[in-house]
Amino acid sequence: MTERKIVIPGEMIVKGEDYLPGEGTEKRGDEVVALRYGLAEEVKKLVKVIPLSGVYQPRRGNIIIGKVERITFNGWLIDIGAHDCAFLSLTEVPRYVNKDGLEELMDLGHMVVAKIWNMNKRGIDLSIKSRGLGKIDEGIIIEVNPNKVPRVIGKEGSMINLIKDETKCNITVGQNGLIWIQGDKVENELYAKKAILFVTEKSFMDGLTEELKKWFKENKNE
Amino acid sequence: MSKEFKRQDGRKPNEMRRPISAKVGVVPNADGSAMYCSGKTIAIAAVYGPKKMHPQHSQNPEKGTLRCTYNMLSFSVADRIRPGPNRRSTEISKITEWALEPVVMLDKYPNRVVDVYIHMIQADAGTRCAGINAAAMALAHAGIPMKNIVSSIAAGKLDKTVVLDLDKYEDSEFKEGEGSTDIPMTFTPDGKLTHIQVDGHISKEQLKEAMNMAREACKEIYEVQKQALKEIKE
């Protein structure tokens, strides 16, 4: 099976004893059955289902953009659009913060770029210890369907790099579907937003990077 | 089975209402949504979640909760019905939950809830079945892990004849002989029953006959649901 196909829950993907059930699948007898709606893919006998819709599923290592929802005595609760609230601990902040003034660094409603460094039953733990992470001060944030994020980034970042070059903006794509655009002019930021929305609208097309190049030629930023 | 028996709309005893059609992704703001039509009955289902359960005291730390809300819109029938929840809609909401619960896998979402809102925009009997069909597709569209998709249809008995998919006249106004019996049922594609209700009298043999009839019909409904889910392009 080389071509990916859409499967629905309960549908048999492949038959055969030697296949391994991966994410979103289950083995029933000698059949591998899909457990969720999405694209079925088989690589080296490992079968999995890539989701096409639904809410964002957090994973360890994901870079996400979230909103501060609550301040506790030792950190911040961040809404990342997943089914669970995420926690950013004070110990995961790379600089000194006064324990009585957590809101001085980040207050309610502030946006933050963070990384998921741990996930367990109790919740999701975030960190802002690496480069490029931290509070967002300027720019605009747009929301797209989290399942379209891979299309926005493209193969090895081809799509997002094209948008960055054409619009001269700094763009951070959160895996949860929030995208932070920061440029020196508002016009450039809005231009980048338009380009990203074009990608998400046409996300089912093949050769989308070429299509976007054409779009940039036709829709110049005045 | 008596061959002479004539149904009011000319259908054969084992014939369901047509056209049956389905569409997925009808509510853009929902995480998953679907529409299911059979004859004059049209149901829309929208799924939200998994999200945090509120109020907190109804959270279940063992597994996630499925919460269905069935609602008939005031213009769905010929004479306006009073909007808002009532005894009947509360019952159907609960029945829908029970019909879907065996297939949805919410063990990985403790303290969470998946909300399913079912709205009937046009009602002509068989609304709970249409609602379940739409909800099953909407749940799949929302990316909720499920063992299978369920399909639902009613069978029943008119006087002495076992028939499939009763319409409004047959369900509520048919009074000849023994009258009418309505049996809504929900099946998985491999023929397992997840929900059955009986409204009226029926013998053991005829119940079996009705179940087999409904089981066959559900296969066709399943194909419609499958087709609808495979066609969406966003």
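**Entry 1. Chain A overall**

I began with chain A, where residues 24 or more positions apart account for 55% of the contacts with a separation of 6 or more; two residues are in contact if their C-beta atoms, placed from the backbone, lie within 7 Å. I note that this is a predicted model, in which local features need pLDDT of at least 70 and side-chain atom pairs count only at pLDDT 80 or more, while totals for chains, interfaces and linings use all residues. Residues are numbered from 1 along each chain as its sequence is written, and chains are lettered from A and ligands numbered from 1 in the order in which they are written.

I counted five helices and 16 strands in chain A; helices (H or I, at least four residues) and strands (E, at least two) are DSSP runs, numbered from the N terminus. The C-alpha atoms of chain A fill a box of roughly 60 × 50 × 20 Å along the principal axes. Of its 222 residues, 34% count as buried, that is, with 20 or more other C-beta atoms within 10 Å of their own, against 12 or fewer for exposed and in between for partly exposed, C-beta atoms being placed from the backbone.

**Entry 2. Helix packing in chain A**

I looked up helix α3 (residues 158–167) and helix α4 (residues 186–201) of chain A, which pack at about 150° with their axes 9 Å apart. Axes are lines fitted to C-alpha atoms, for helices over the stretch in contact, and angles run from 0 to 180 degrees between N-to-C directions. The angle makes α3(A) roughly antiparallel to α4(A); angles under 35 degrees count as roughly parallel, over 145 as roughly antiparallel, 65 to 115 as roughly perpendicular and the rest as oblique. From α3(A), the contact takes A:Met159, A:Ile163 and A:Thr167; α4(A) supplies A:Asn188, A:Tyr191, A:Ala192, A:Ala195, A:Ile196 and A:Val199. By class I find seven nonpolar, two polar and no charged residues there; Ala, Val, Leu, Ile, Met, Phe, Trp, Tyr, Cys and Pro count as nonpolar, Asp, Glu, Lys and Arg as charged, and the others, Gly among them, as polar.

I then followed α4(A) to helix α5 (residues 208–218) of chain A: the axes come within 11 Å and cross at roughly 140°. That makes α4(A) oblique to α5(A). A:Ala195, A:Phe198 and A:Val199 of α4(A) meet A:Leu208, A:Leu212 and A:Trp215 of α5(A). This contact has six nonpolar, no polar and no charged residues.

**Entry 3. A sheet in chain A**

I traced an open, antiparallel sheet of three strands in chain A, in the order β14-β16-β15; two strands pair if DSSP finds at least two bridges between them. β14 (140–143) and β15 (170–173) stand at the edges with a single partner strand each, so one side of each is left without a neighbour in the sheet. The twist averages 20° from one strand to the next. Four bridges join β14(A) to strand β16 (residues 178–182) of chain A, and A:Ile140 stands opposite A:Ile181.

**Entry 4. Chain B and its side facing chain A**

β1(B) pairs antiparallel with strand β2 (residues 32–38) of chain B over five bridges, where B:Lys23 has B:Met35 as its bridge partner.

Finally, I found 23 residues of chain B in contact with 13 residues of chain A. On the chain B side, β3 (41–52), α2 (127–141) and α4 (204–231) are the elements giving two or more residues. That side has ten nonpolar, five polar and eight charged residues.
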